[in-house]
Amino acid sequence: MITHSNQTADSRHLLEFVLRQGDNALVLGHRMSEWCGTGPALEEDIALANTALDLIGQTQMWLAYAAELEGRDRSANDLAFMRDATDFRNLLLLEQPNRDFGHTMMRQFLFDAYQVPFLQALESSADQRVADIAAKSGREARYHLERSSDIVIALGDGTEESHRRMQDALDRLWSYAGEMFVTDETDIAMHNAAIAPDLKLIHAQWNDTVQARLNKATLAVPDSTFVHKGGKNGVRHEEHLGHMLATMQVLQRSYPNSVW
Amino acid sequence: MYAQMVKSSGEGVKTAGEMDAQERAFQSRIDAGEKIEPKDWMPAAYRKTLIRQIGQHAHSEIVGQLPEGNWITRAPTLERKANLLAKVQDEAGHGLYLYCAAETLGVSRDELFDMLHTGKMKYSSIFNYPTLTWADMGAVGWLVDGAAIMNQVPLQRTSYGPYARAMVRICKEESFHQRQGFHIMMTMCNGSVAQKEMAQDALNRFWYPSLMMFGPSDKDSVHSAQSMAWKIKMDSNDDLRQRFVNATAPQAEFLGLTIPDDKLAFNEDTQQYDFSEPDWEEFYEVLKGNGPCNRDRLETRQRAWSDGEWVREGMMAHADKRRNANQTAA
């Protein structure tokens, strides 16, 4: 469990905020790494591994900062490998299983379209460390968005089958996208402290990007406004995360205090 | 490395007298150390042997992602996860260079994949062994990449230009992978009792399969002579194997690990290590498809390919539509 003793309200929120960023990168990076060697083409194997690699690199930066803020003498690795699912703060969207390449790239696209304007805003964060990490991650996110958009457009427009599969992926994942814009007290505190942007602004930018590119992809935006929640505040993850962590954490949990 | 038992013409090396004028000119270019380029004339058997060799090498890179992919999701730290991801990504990149090199000989990547998936072409026997603990990620880097480097460094001077150039890039990355693997082994050997046991166990399981990577003894390798005359094979299997043992034995000692061979000892007379041959029966069984992972590896690749069909078709269809739209607009 993460305890918040000896911390002011603001520093609690900052830790929570930084953990969310780190866990998003870790969980999505892990999902992408599950593709290893089984992509639909060699170029895609390389690109999937590259995306995973970027995200694990971002995880290292965010979780190292979270560990410092926490002040309990833990490392980024301790946070990644020794926390239980209930302590994770990733979006539910990102723990969704890969299912097929269409789901994987749609999940990536919906997240990238958020991550690009979000990180761009963070580059002028009042917290210098947050700004630095965002600047470094932002370049990668822009490239990820370019790639995931191209694929969503191509496969949405491609054949009858690829269109159907991309529409299925969009329909299935749509109700998870809204959690990115659910504003809670941490988001409000971060916005008030000029550390992070107003999520309403990011939502508007996300809508523009997503609508325009899904139109190009000839995909229909689902009508539903229902939003699955519980990942970013850790209140209720889905069953998928526990299985992911059981795999990911097995060595650290089985052989605690070892050096690898 | 990753090319074993590559068939050549099977008819032995032609003497100068048996060659026609074109073949003689070709052989003298090779003897003079010139590179053969894709548009140059070459004997059909040279082309065919190279396609087999480069194809087998490329397939090995691709299938070789799988035993390591088996541990990417369980890597014990973020740094190790990132290193392993980068390594596997390099391997996919090596596959890409090599398929491109093979394409210059007139065979497409799809054709080569088809030959892999239907079992007409092989990949290195080493990838039919399972990776059972994290120490195997160390052993694979240290021994398997180490063995690969032994063979690939000389191949940078191979006679076929595109292959030689691909090899230059590949060798740089492989030696980095080997160091990374050795570092994992070192960390495990300096770690807890359980970690050191894992390291020893990994060496026990990977030692002989690594020796097999060089292929059977020269006296049993019917295709070597012609490939060596063409400079698409630079050293004999036995020479490379000996070089590998000479380099690796002191490293094992440094790690405090025991190579699972009672006969292994430094011979003062030859200034080389004596060692036991691997079990060649096992080697031939693995080549026939009876290794512990042959079926799983091939099925994984076949499934990846068939699951990806709709993606490749979708991408192509979209590209066609765009091309048509551009033509209409123009």
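Start by selecting the contact between chain A and chain B, in which 47 residues from chain A meet 47 residues from chain B, contact meaning heavy atoms within 4.5 Å. This is a predicted model, in which local features need pLDDT of at least 70 and side-chain atom pairs count only at pLDDT 80 or more, while totals for chains, interfaces and linings use all residues. Residues are numbered from 1 along each chain as its sequence is written, chains are lettered from A in the order in which they are written, and side-chain values use heavy atoms, with hydrogens and water left out.

The area buried between chain A and chain B is about 3,900 Å², with carbon and sulfur atoms giving 70% of it; buried area is the accessible area (1.4 Å probe) that two parts lose on being put together, summed over both. Two salt bridges are found across this interface, a salt bridge being a side-chain nitrogen of Lys or Arg within 4 Å of a carboxyl oxygen of Asp or Glu. For one salt bridge, select D157(A) and K321(B), whose closest N and O atoms are 3.7 Å apart.

Next, stay within chain A and select D187(A) with R20(A), a salt bridge with its closest N and O atoms 3.7 Å apart. The pair links distant parts of the chain, since D187(A) sits in helix 8 (residues 185-192) of chain A and R20(A) in helix 1 (residues 9-33) of chain A, 167 residues apart; helices here are DSSP runs (H or I, at least four residues), numbered from the N terminus. Both D187(A) and R20(A) are buried, where buried means under 20% relative accessible area, exposed over 50% and partly exposed in between (1.4 Å probe, protein chains only). Widening the selection to E16(A), R89(A), D184(A) and K232(A) shows a network of salt bridges that also includes R20(A) and D187(A).

Then go to R147(A) and E44(A), a salt bridge whose closest N and O atoms are 2.7 Å apart. R147(A) lies in helix 6 (residues 128-157) of chain A and E44(A) in helix 2 (residues 42-70) of chain A, so the pair ties together parts that are 103 residues apart in sequence. R147(A) and E44(A) are both buried.

Finally, select D100(A) and R165(A), which form a salt bridge with the closest N and O atoms 3.0 Å apart. D100(A) is buried, with a relative accessible area of 16%, whereas R165(A), at 23% relative accessibility, counts as partly exposed.

Conventions. Helices (H or I, at least four residues) and strands (E, at least two) are DSSP runs, numbered from the N terminus.
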